[in-house]
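Colleague: I'd like a walk through this model, feature by feature. Could you give me the general idea each time and then the case at hand?

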There are 2 protein chains.
Amino acid sequence: MNQKITLPSVTATKGAGDTAGKGLSLLHESVSLPAAVVYRSRLDNNLSWMQSFADSQGVKLAPHGKTTMTPRFFQLQREAGAWAQTLASAPQAVAAAEAGIGRIIMANQLVGKRNMALVSGLKAEWGTEFHCLVDSAENIRALGDYFAAAGQTLNLLIEIGVPGGRCGCRSDAEAEALCAIIAEYDSLRLTGIETYEGVIGGPEAPAKIRRHLEQVRDLTLKLHAQGRFGGQRAILTGAGSAWYDLVAEVFGGADQSKVIPVIRPGCYLIHDKGIYLEAQQQVRERLGDSCAVQGDLQSSLEVWAYVQSMPEPGLAILTLGKRDCAFDAGLPQPALHFRPGSARPVKAPAGWEVFHIMDQHSAMRLPEDADVKVGDMIALSTSHPCLTFDKWREIHLIDDDYTIIEQVNTCF
Amino acid sequence: MNQKITLPSVTATKGAGDTAGKGLSLLHESVSLPAAVVYRSRLDNNLSWMQSFADSQGVKLAPHGKTTMTPRFFQLQREAGAWAQTLASAPQAVAAAEAGIGRIIMANQLVGKRNMALVSGLKAEWGTEFHCLVDSAENIRALGDYFAAAGQTLNLLIEIGVPGGRCGCRSDAEAEALCAIIAEYDSLRLTGIETYEGVIGGPEAPAKIRRHLEQVRDLTLKLHAQGRFGGQRAILTGAGSAWYDLVAEVFGGADQSKVIPVIRPGCYLIHDKGIYLEAQQQVRERLGDSCAVQGDLQSSLEVWAYVQSMPEPGLAILTLGKRDCAFDAGLPQPALHFRPGSARPVKAPAGWEVFHIMDQHSAMRLPEDADVKVGDMIALSTSHPCLTFDKWREIHLIDDDYTIIEQVNTCF
């Protein structure tokens, strides 16, 4: 049996994407639940907010696409003004290139012949400007040999890490040694310096992160002075979704005749009601009155589910589980309650709480006298959008009246 | 943009399935990593082991398909002798019916008009014998009305739960009341009784589970004596992957002129090196010498990744993260180490340990003098197969020489 079977679409939710769902209303029970929905108005708000922030800070935006892996959203980010798209792997980069993204930062080491072949093909087929990270001589030599054989040139960013952190050189000396190895290969071009400050934690994180960013900036300027970037401006890039303000400040403040400062937040597009809400509140506190951008990010993603059982007073079992949403950074939170046949959803009271999640079920606690019954819908906000998105092949883009505008496909 | 973009296949790993990967070797770097692989020999062992167990105990096997959601595996389970396939949702049931599965137990309540429409379509299109669970009057009445309007008959199993557990009636009286409501509808047919004992925990779990199963069995026989099943044998079904031996013993011991005892383990097919290994060891201890089946289940799933960075002594960063495997029941465990160009993988030493997992990376601790370098492959065993499978659209079935025999598609 080699036939390709997919879950039914629209019709069902998880399945091969199409646009047949356009115009269907969640409130008319036209869509199989559980389903993941994104409010288009909030998505647009977030697209605009972060691009405005980057513009106001004088930095380029290369949104991390791994969060959504939704090529349609990559296109919206580009149309909003993104300078590049960040991805995490060679297959992800191919999906972005296929969607028409012209400049890609793969914020990871490119390892393995098949992955190198994917990147080689991407450059050949779409002419994509592609940059990836290196932090070891072994990897540089493997890349240099591979792309020499392919008759192509590969752009490299040297990754700078921190002790106890993830990938990346731990000292300037290491980075300078790698520059020398890169220079041995005509097939390689050093185009900048990268770091990911998100691995720095603890109560002194802001001060430590600032110091680290300053070191990375200074190293980049030093390497630029040494002519390591072939006389070109060096890409100087950092930032996940929690500290992008500090990166924008430190990198954006560098001499832009020598560097192109680039921030790479990803979760902002979807945002959440959990860890990234908290991170954004801290960003806002740090920015204080200096933030020139009006408004703020909005949580745009919900997973809708049915109440399937009310087996005991004060307990509702929902048709939603670890198969449908993230659970590693807080459990989903009831946002809306809707009874089919009523006019509109109402806000879920604060006392309703998902306290346990299994593979295909969640248990929600609520007051014993709550007016909830089997067949009601609950819309849930989530924490950590990345790990909700990768549960779905199809996401429903809805308007503020809960009607599907468009269905978009993910590429996990 | 409505074009459908998927990650590149074979070629890459995560993408639309095909069979072009057949014959490719993991050892030749022909496959993009990370990749999920299943050893066919171990899969066959597990297929045979559990079917033999069910046969030897005189119970029917309805493997839970939610674990893999891989229609190709459903077909292998049917060919091995499975009596039915268990699924968790209406879209999942449609995928199984499309794969040719003729008898389905949806071990969940069927809620919502679109989900009911999917089941109605499944019955009309494929003539599938379909059973789902009920535990409330509201749901029974909604189903009765829907299927009456559709001119179809829906088979129902009453779910019996436990206090503090998940779905299901909490007393015999509740179940009897539901029988009466079902009897009001010509469009509904009561075909059996279901329970899921896996929600019972604690140190006295075995004794509590046995007592619960005996109550469910006795209730079923009582309802049978009352003629609630229309004179037919009642399906009497329970069992996840941890307590199927007790269910087989208690339900299999009931008078089979009155009941059809059915167990529904799912994870056995893939098994693991974590929570299900432990659960199976306990099954074996309980079975003792009474187990007529030779051998045992084997962990058949691995995720292969590259070492992408060795940034500090004793630390390797792998191209594998929460996006690629389960992390809710223990982190992935290094099983094999392979250096491209060498003859074969070798067993990963016991001291190598994944101690941290991020979205797209894992951190592995190893001795400072370990002979590992960037570009090496690490094959990792996992715990909780369900939450690894749902990260992948394509799984590579390999032989014991690490060559791809077939690529199979998941339907999440």
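**Reading the pairs, the interface and the sheet**

Modeller: A search of the whole structure turns up 42 salt bridges over all chains, a salt bridge being a side-chain nitrogen of Lys or Arg within 4 Å of a carboxyl oxygen of Asp or Glu. Keep in mind that this is a predicted model, where local features need pLDDT of at least 70, side-chain atom pairs count only at pLDDT 80 or more, and totals for chains, interfaces and linings use all residues. Residues are numbered from 1 along each chain as its sequence is written, chains are lettered from A and ligands numbered from 1 in the order in which they are written, and side-chain values use heavy atoms, with hydrogens and water left out.

Colleague: How far apart are the closest N and O atoms of A:Asp44 and A:Arg40?

Modeller: Side chains of opposite charge can pair when their charged atoms come close. For A:Asp44 and A:Arg40, the closest N and O atoms are 2.9 Å apart. The two sit 4 residues apart in helix α1 (residues 40-57) of chain A, so about one helical turn separates them. Helices here are DSSP runs (H or I, at least four residues), strands likewise (E, at least two), numbered from the N terminus.

Colleague: What area do chain A and chain B bury between them?

Modeller: The size of an interface is often given as the accessible area lost when the parts come together. Here chain A and chain B bury about 6900 Å², 54% of it on carbon and sulfur atoms (accessible area with a 1.4 Å probe, summed over both parts). The contact (heavy atoms within 4.5 Å) takes 82 residues from chain A and 83 residues from chain B.

Colleague: And how many salt bridges are there between chain A and chain B?

Modeller: The count is 10. One of them joins A:Asp390 to B:Lys391, with the closest N and O atoms 3.0 Å apart. On the side of chain A that touches chain B, strand β10 (residues 301-312) gives the most, with 6 residues.

Colleague: In what order do the 8 strands of the open sheet in chain A run?

Modeller: The order is β2-β9-β8-β7-β6-β5-β4-β3, with parallel pairing (two strands pair if DSSP finds at least two bridges between them). The edge strands, β2 (60-61) and β3 (85-87) of chain A, each pair on one side only.

Key: Buried area = accessible area lost by both parts, 1.4 Å probe.
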